[in-house]
Amino acid sequence: GYVHTTTSLSDKVDFVAALRVDHHNHLEQLNYSPRAALVFKPTQDQNFRLTFNRAFSTPTTNNLFLDIVAGRIPISATLGYDVRTFGVPETGLTFNDTCAGGVQNLCMYSTFAPGQLPANGAVLWNNVLVPLALSDPKLQATIAALGMTPTQFAALISNPGANDLQSWLLRFNQEQSTFIPDAGPTAVDRMRPTITNTLEAGYKGVIADRFSLSASVYRSAIKDFVGPLRVETPSVFLTGTSVATFLTTRMVGAGIPAAIAQQIAAGMAATAAKVPLGTVAPDQHPNSDLILTYRNFGDVNLWGMDLGFQYLATDKFSLNGSFSWVSKECFDFNNDGSCTSAVDVSLNAPKKKGSFGIRFDDKVSGLEMDGRIRHSDGFVMNSGVYIGPVKSYTVVDANVGYQLPWA
């Protein structure tokens, strides 16, 4: 729905107002977009304005419906974890399922076993990690040197007690392709529209019949900015320390010298601690995929300025140009001095950009020529799976046209 009015307060002052209301079936609330402006026209070709405008940006199709496998973390030739980019459903993404014995009573899904499991690597120790360790030829040789068979050694280190092995959560860091410690999952709210409230003062006019100028300065307050894709599902790992302690205790108790037991345990623990054993999945996507999705972030504020001009030097020759500036191109939410983190927000646009052009147009001879140079400062891009700097660049365009006299 939309309504608009222009009211003349005097011969030189107009009041302009509008209200727009939008309903989107995947958003929770109606969106109201009011606008109000005072326009002062001292002469026919001079215009000053003061405007307040509230606008909203609907979450994109990707924000709401994306569902694409963007990569894979291989464990073996046949096993691994898909990295899936996933839009936020109307329910949001929740982690309400609980499993007794899991880290923080959380549940996980694993590429090694079907169904829902407690988020605890110990449940996969006998059937996954012990066979994995025994597949190492070096360990097989060591076991043989101890006078044991692989079956005997497997029986020795199987069936850990309830507190023998400790698990913890790590989150995949898509910028560095590594796993980093994680405090646990938090629910992802359903998407909200981005609301921008802008106050602008502007001028547009023609000076001496040959010079046109437009200028504006504005301040925008942006609420619920949509951040870039971020991994929201932590992975479950065993701690290397607990594995080494458990193995050493078992082997020493069976009569294996402590020095040898510690050496074997250290090698097995290093391997076991590197294997992601499961994914703490949201209730809305119950499988082992690592989910990258979007979040609405907090409020950001910025200033901006736009200038544009055209100068008619003669009836055939003109100059034109533009310049734009914004106060911030990046919002460093984690205060690490850069805008390359998955929790940062970038405008994906430069602070400064501008252009300058020259045009010659002779209607009588049919010849026209124009050239333009555009420059953009460098900026940080943080969008989807691409995160990194875009270098500054300059583009030059030149065109020549001629009207054939017989055509």
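I started at Y311, which is partly exposed at 34% relative accessibility (buried is under 20% relative accessible area, exposed over 50%, partly exposed in between, with a 1.4 Å probe and protein chains only). Before going on, I note that this is a predicted model, where local features need pLDDT of at least 70 and side-chain atom pairs count only at pLDDT 80 or more, while totals for chains, interfaces and linings use all residues. Residues are numbered from 1 along each chain as its sequence is written, and side-chain values use heavy atoms, with hydrogens and water left out.

F211 is partly exposed too, with a relative accessible area of 28%. I looked up the ring geometry: the centres of F211 and Y311 are 6.3 Å apart and the planes are at 55°, so I log the pair as tilted. My cut-offs for rings of Phe, Tyr and Trp (its six-membered ring) are centres within 6.5 Å to pair, then planes under 30 degrees apart for stacked, over 60 for edge-to-face and the rest tilted. This pair joins F211 in strand β12 (residues 211-223) to Y311 in strand β17 (residues 300-312), 100 residues apart in the chain. Helices (H or I, at least four residues) and strands (E, at least two) are DSSP runs, numbered from the N terminus.

**Other aromatics**

I searched the whole structure and got seven aromatic pairs. One of them is W125 with F246, edge-to-face, at 5.8 Å centre to centre and 80° between the planes. W125 sits in helix α2 (residues 125-134) and F246 in helix α5 (residues 240-253), 121 residues apart. W125 is buried at 2% relative accessibility, and F246 is buried at 4%. I also found F40, F48 and Y203 linked into a cluster by ring pairs.

**A four-stranded sheet**

Next I traced an open sheet with the order β5-β6-β16-β13 and mixed pairing (two strands pair if DSSP finds at least two bridges between them). β5 (67-74) and β13 (230-231) are at the edges with a single partner strand each, so one side of each has no neighbour in the sheet. Inside the order, β6 (residues 80-86) and β16 (residues 290-293) run parallel over three bridges. I checked R84, and it stands opposite I291 in β16.

**The disulfide**

How many disulfides does a search of the whole structure find? I got one, taking a disulfide as a pair of cysteine sulfur atoms within 2.5 Å. C99 and C107 form it, with their sulfur atoms 2.0 Å apart. The torsion about the S-S bond is about 105°, so I call the disulfide right-handed. C99 is buried at 10% relative accessibility, and C107 is buried at 6%.
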